[in-house]
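Welcome! Please take a moment to look over the chain below, and then we will walk through a few of its features together.

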Amino acid sequence: MVEHLATRAIYFLSYAALAFGNQGCNDQDAIETILTKDGDRYKCVNINQQPSLHHPSLINHKIQMEPSSYPTDLHNGSLSAVNNSLAELPAISCPIGTIPILQDIKGGTINILSFHTKEFGERAEVAGAKTNDDIYGTSVSINVYEPKVKEKTEDISTSFTVLLNAQNDSHLEGIGAGSIVWPSFRGDRFARFHISWMDRTHSGHTQCYDHECPGFVQVGKIGLGGRISPVSIYNGPQYEINVLLFKDPKSKDWWLASGNTLIGYWPSQLFTNLKDKAISAFWGGQVGGPTVQQNFPEMGSGHLASEGFGKAAFVRDIKIVDGNNEYVKPDIHKSFSASSKTTCYSVDSFGQGESGLHVYYGGPGGCNS
């Protein structure tokens with residue numbers, strides 16, 4: 001089961017290198033430019049001119065501003081964030097009718113070139129929880145830290161959730177979102193909010209991040225690639241982000257939200273297998289990149305899972321959406337936790353509570369192969 005956990009999750013969260021370009025949108029497309037306090041520059045682009053609509057499957061696509069319905073929780077009605085320790089996702093004050101697109105320091109659109117997933121799969125490790133079932137969405141609270149990743153490399157350390165559907169490893173489709181520490185992305189070690197996906201166009205070969213290639217239709221003001229703040233401190237205050245992925249039962253689009261805030265969606269036309277449902281879900285941490293096996297970075301808080309709350313990173317309140325469009329607790333008999341590199345990273349306290357699955361994960365890295 002450990003090998004199966006690692007293979008599918010690693011193949012999806014593939015190695016990517018940063019490059020700068022001027023694809024997707026340019027100065028003429030921008031209605032306004034906003035500089036954040038963290039030094040990120042976002043261009044506010046007309047929602048109907050966003051890069052996603054350049055996808056060949058989305059010609060003449062009519063943007064949906066909200067899903068036809070939302071999954072409900074059997075006990076709480078609509079699922080929403082009710083946590084006093086929520087970190088803030090980067091909200092960009094773009095004018096009505098526009099969405100924010102992160103730019104590089106030269107003003108061009110960030111373009112992340114993805115490499116063959118199997119190359120990355122051999123150089124990555126995961127630790128967390130997985131469920132195998134018919135899945136139409138998930139909700140999770142992700143504990144956010146800023147693990148140390150070696151500078152001047154293209155290595156990453158993520159705290160992510162992923163939904164997958166694959167006929168085999170050569171035809172893998174998936175969507176995901178969460179926190180990534182990625183020094184080569186912006187030249188810093190901040191935890192940043194990213195999304196990622198692999199559609200039928202890229203299946204088995206490459207994946208996309210944020211607005212790096214067309215596909216994800218943004219409708220909200222959350223700045224993809226922006227800094228998450230505040231973050232957790234070891235043996236100090238703990239902060240989380242809530243990530244919700246769910247399928248619109250009418251349009252079959254896959255929506256992304258954080259609490260009650262809609263961010264956008266992946267149109268159903270992008271997918272073949274995933275158009276129907278996901279068949280597995282992963283929640284936890286991953287490290288990957290070209291030099292990971294020589295110098296394993298930190299995962300999670302940088303401490304082993306056995307240290308527990310306040311010291312080890314966690315994912316909790318994990319639920320999935322069933323065929324009735326309701327949030328339910330995952331079947332514990334179809335779920336498990338594991339680490340693909342137990343000498344570096346561990347899992348602990350995996351179990352099912354009233355609010356769903358939970359598990360601690362992570363480690364200091366720096367271990368020998």
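Let us start with a pair of strands: β11 (residues 171-181) and β12 run antiparallel and are joined by 8 bridges. Strands here are DSSP runs of E with at least two residues, helices are runs of H or I with at least four, and both are numbered from the N terminus. Two strands pair if DSSP finds at least two bridges between them. Within this pairing, Ser179 has Phe193 of β12 as its bridge partner. Strand β12 also pairs with β13 (residues 208-209), again antiparallel, through 2 bridges. There, Ser196 stands opposite Tyr209 of β13.

A word on the model: it is predicted, so local features need pLDDT of at least 70 and side-chain atom pairs count only at pLDDT 80 or more, while totals for chains, interfaces and linings use all residues. Residues are numbered from 1 along each chain as its sequence is written, and side-chain values use heavy atoms, with hydrogens and water left out.

Is β12 enclosed or open? Strand β12 (residues 191-198) is largely enclosed by the rest of the structure, because 8 of its 8 residues are buried. Buried means under 20% relative accessible area (1.4 Å probe, protein chains only). In a regular strand, side chains alternate between the two faces of the sheet. On one side of β12 sit Ala191, Phe193, Ile195 and Trp197, on the other Arg192, His194, Ser196 and Met198, and all are buried.

Now for the spaces inside. The whole structure holds 2 cavities of 30 Å³ or more. On a 1 Å grid over the protein atoms alone, a cavity is a set of points where a 1.4 Å probe fits but cannot get out; a pocket is an open set with protein on both sides within 12 Å along at least five of seven lines, and lining residues have an atom within 4 Å of a point. Grid points are joined across faces, edges and corners, and a volume is the space filled by probe spheres set on them.

| Space | Volume | Lining by class |
|---|---|---|
| Second largest cavity | about 50 Å³ | 5 nonpolar, 6 polar, no charged residues |
| Second largest pocket | about 250 Å³ | 5 nonpolar, 3 polar, 5 charged residues |

Here Ala, Val, Leu, Ile, Met, Phe, Trp, Tyr, Cys and Pro count as nonpolar, Asp, Glu, Lys and Arg as charged, and the others, Gly among them, as polar. Ser179 is one of the residues lining the second largest cavity.

Overall, the chain has 3 helices and 23 strands, and buried residues make up 60% of its 369 residues.

Definitions and conventions: Buried means under 20% relative accessible area, exposed over 50%, partly exposed in between (1.4 Å probe, protein chains only).
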